[in-house]
Amino acid sequence: KQALERISKKKPIKLLIFKSSIADNNLWKKGIPNIKIEYKTWNIKTICNDLLNIDIGIVPYINEIKNKLDHKPNIGKYSTDYFIRFKQKANSGRCLVFHQLKIPVIADIIPQNMYLLSNPNNGYAVCGEESWYKAFEELLCEKRRHFIAENAFKEFQEKYDPLKWVQIFLNELDKNL
């Protein structure tokens, strides 16, 4: 929230949120940033075109147990230690969608995102307001957005392209039949 509000002071932004339905009880209610927000119903027929109209994909991990960077000397060995929950109820699927559409990604630093974002040229794994803000700030530059998006797309094609995996599977079936 705070990072979005801070970056909106540098450049006007709009947050587009895709939901399964736009029922009143399904909208964001707590901690809403003071920026322009548009809610859109997710539709399989239009989602690719809808996503291609955005500049940055954000993949927050919203949970009651948050990743923290706290100065609590009585917890952890160093004041710079942070706590992370390793059994998340999330996956890297949202990042992969953005990668294959050449949209740069900023995502929470959870284990499921790290094999995609461990290379800093593929996107941003962030934790806390300051790292979210710095990632947004860097991606204000169109050239930087393009650089990150192209790198992530290339890695997606090399490692995660489902068509390649299907072909590998079919080749293995042919060998074993």
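In the predicted model, the side chains of Lys40 and Asp50 meet in a salt bridge, with a nitrogen-to-oxygen distance of 3.1 Å. Because Lys40 belongs to strand β2 (residues 36–41) and Asp50 to helix α2 (residues 47–51), this pair ties together parts of the chain that are 10 residues apart in sequence. The two partners can be described by their accessibility: Lys40 is partly exposed, at 29% relative accessibility, whereas Asp50, with a relative accessible area of 11%, is buried, since the cut-off for a buried residue is under 20%.

Strand β2, in which Lys40 lies, also takes part in strand pairing, as β1 and β2 run in the parallel sense and are joined over six bridges. Within this pairing, Leu16 stands opposite Glu38 in β2. Strand β1 itself, spanning residues 14–19, has two faces, of which one is covered and consists of Leu15, Ile17 and Lys19, while the other, made up of Lys14, Leu16 and Phe18, is uncovered. Leu16, the residue placed opposite Glu38, therefore belongs to the uncovered face of β1.

A search of the whole structure finds nine salt bridges, among them one between Glu129 and Arg6, whose closest N and O atoms are 3.1 Å apart. Here Glu129 lies in helix α5 (residues 129–138) and Arg6 in helix α1 (residues 2–10), so that the contact ties together parts that are 123 residues apart in sequence. Both residues fall into the partly exposed class, Glu129 with a relative accessible area of 36% and Arg6 with one of 27%.

A further salt bridge is formed by the side chains of Glu172 and Lys175, at 2.9 Å from N to O. These two residues both lie in helix α7 (residues 162–176), and because they are three residues apart, they are separated by about one helical turn. Glu172 counts as partly exposed, at 37% relative accessibility, while Lys175 is exposed, with a relative accessible area of 60%, the cut-off for that class being over 50%.

Notes
Residues numbered from 1 in each chain as written. Predicted model: local features only at pLDDT ≥ 70, side-chain atom pairs only at ≥ 80, totals over all residues. Heavy atoms only, no water. Salt bridge = Lys/Arg side-chain N within 4 Å of Asp/Glu carboxyl O. Helix = DSSP H or I, 4+ residues; strand = E, 2+ residues; numbered from the N terminus. Buried < 20%, exposed > 50% of the residue type's maximum accessible area, 1.4 Å probe, protein only. Pairing = 2+ DSSP bridges.
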